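Hello,

Please find the structure we spoke of below. My notes on what was found follow it.

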Amino acid sequence: MIDKQILNAEQACKDIKSGATIMLGGFGLCGIPENCIEALVKSKIDNLTCISNNAGVDNFGLGYLLKSKQIKKMISSYVGENDEFERQMLSGELIVDLIPQGSLAERCRAGGAGIPAFYTPAGYGTELGLGKEVREFNGKPHILETALVADFAIVKAWKGDKAGNLIYKATARNFNHPMAMAGKVTIAEVEELVEPGELDPNQIHTPGIFVQRIFQGTKYEKRIEQKTVKKIN
Amino acid sequence: MSLDKIGIAKRIAQELKDRWYVNLGIGIPTLVANYIPENINVEFQSENGILGMGPFPEEKNVDADLINAGKQTISALPGAVFFDSAMSFAMIRGQHVQLTVLGAMEVSEKGDIANWKIPGKMVKGMGGAMDLVASADNIIVAMMHTNKKGESKLLKECSLPLTGVNCVKKVITNLAVLDVLPDGGFQLVERAPDVSVDQIKKATSGKLIIPNREIPEMKL
């Protein structure tokens, strides 16, 4: 067993330098690496390029890093629900690259899988397709999208073992798995870190080979964006 | 009487077929899940990573790790499955999902759709909409026939940045059901209860094709 365990978020993030490209897992606020985001805010590094499906909300998730102006560029698919984000984008402080969600996920997966580029129909005929190579397959036009890799991928899982194997809970899996594959260094924070052998190998979602550092997070607020409940008559 | 959002959702629900996997967008499309015909079984996919999405949970079962693409807390039905975002869009791009229902700001008579960006205003992003419209075999747009200013949303050409081209097959509005024909044009299929063909004509700026027969009223 190759032991990937490290002490905490601060240790996990200590060699992330200003100007780095970082992938951060999560969809909305679901499955985001809360402990590492806090460590990045404290570290005060800046000029970051963040690849994340969303940009958090004001005062939570990536919203913290935006508020402290540590992010230079965001690569995302949907960035609503964040006033500070809007302000920085409209003032030109923040560079924003919006790409279709499926293309974003596949670009991460491809980056981790050694596929440099792929064709997809998503975005053809729109402004997203401008300047991209177009090729027809089975009579349908597709555009060429390139793979994404990052200096660091930071993901959050439910359970993990010291070998870096990860299991996610429910829809908190989202971008965490494809991004874990695409980090030159992948940091996993988990709610529960266990000894090798305690997780059933049949049930593991992300094999430990993709993970270089793992630690158990000390606190998870798990804020809910839209709490909706069944009305009981 | 033109339909309200619930009426539109009820009419769209009649388009669902037994054993279909269906992706419902945010807004009116989400309401469709409440009106599934009793004699059929369908499964809902939400692109953030669930098949077998169920209704909103009871308070005691609310789970921050279990949400839909609108970031609302949901439940998972027996037989549900969770997966990552790349897998989710493999289902969508690979055409394993039979129907996509989504909202739009504009639809053109060629089946182009615009629903992600208003230049000069806040840009929120396309989310999964571009992948969904580029791949689904069957795309129904659910929207009001006109915008808040009373201008038609069914146009010759979209004026807003496009989400996808030549992809919408059917539009269901507060006034009518219309098929987008392969060669272009909105063919009138049904009228909302007590809505006249003339009203639909006035509210449609793109090419409206009115078959030479009685246009039936929707049955809700």
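A:Asn138 is exposed, with a relative accessible area of 84% (exposed means over 50%, buried under 20%, and partly exposed in between, with a 1.4 Å probe and protein chains only). This is a predicted model, in which local features need pLDDT of at least 70 and side-chain atom pairs count only at pLDDT 80 or more, while totals for chains, interfaces and linings use all residues. Residues are numbered from 1 along each chain as its sequence is written, chains are lettered from A and ligands numbered from 1 in the order in which they are written, and side-chain values use heavy atoms, with hydrogens and water left out.

A:Asn138 lies in the loop between β6 (134–137) and β7 (140–146) of chain A. Strands (E, at least two residues) and helices (H or I, at least four) are DSSP runs, numbered from the N terminus. The phi of A:Asn138 is positive, near 50°, and the residue is not a glycine.

A:Lys222 is also not a glycine, and its phi is positive at about 50°. This residue sits in the segment after β11 (213–216) of chain A. A:Lys222 is partly exposed, with a relative accessible area of 21%.

Chain B holds an open sheet of three strands in the order β7-β6-β9, with mixed pairing. Its edge strands are β7 (113–114) and β9 (154–155) of chain B, each of which pairs on one side only. Two strands pair if DSSP finds at least two bridges between them. Strand β6 (residues 106–108) of chain B pairs with β7(B) in the antiparallel sense, over two bridges. Within this pair, B:Glu106 stands opposite B:Ala114 of β7(B).

Regards
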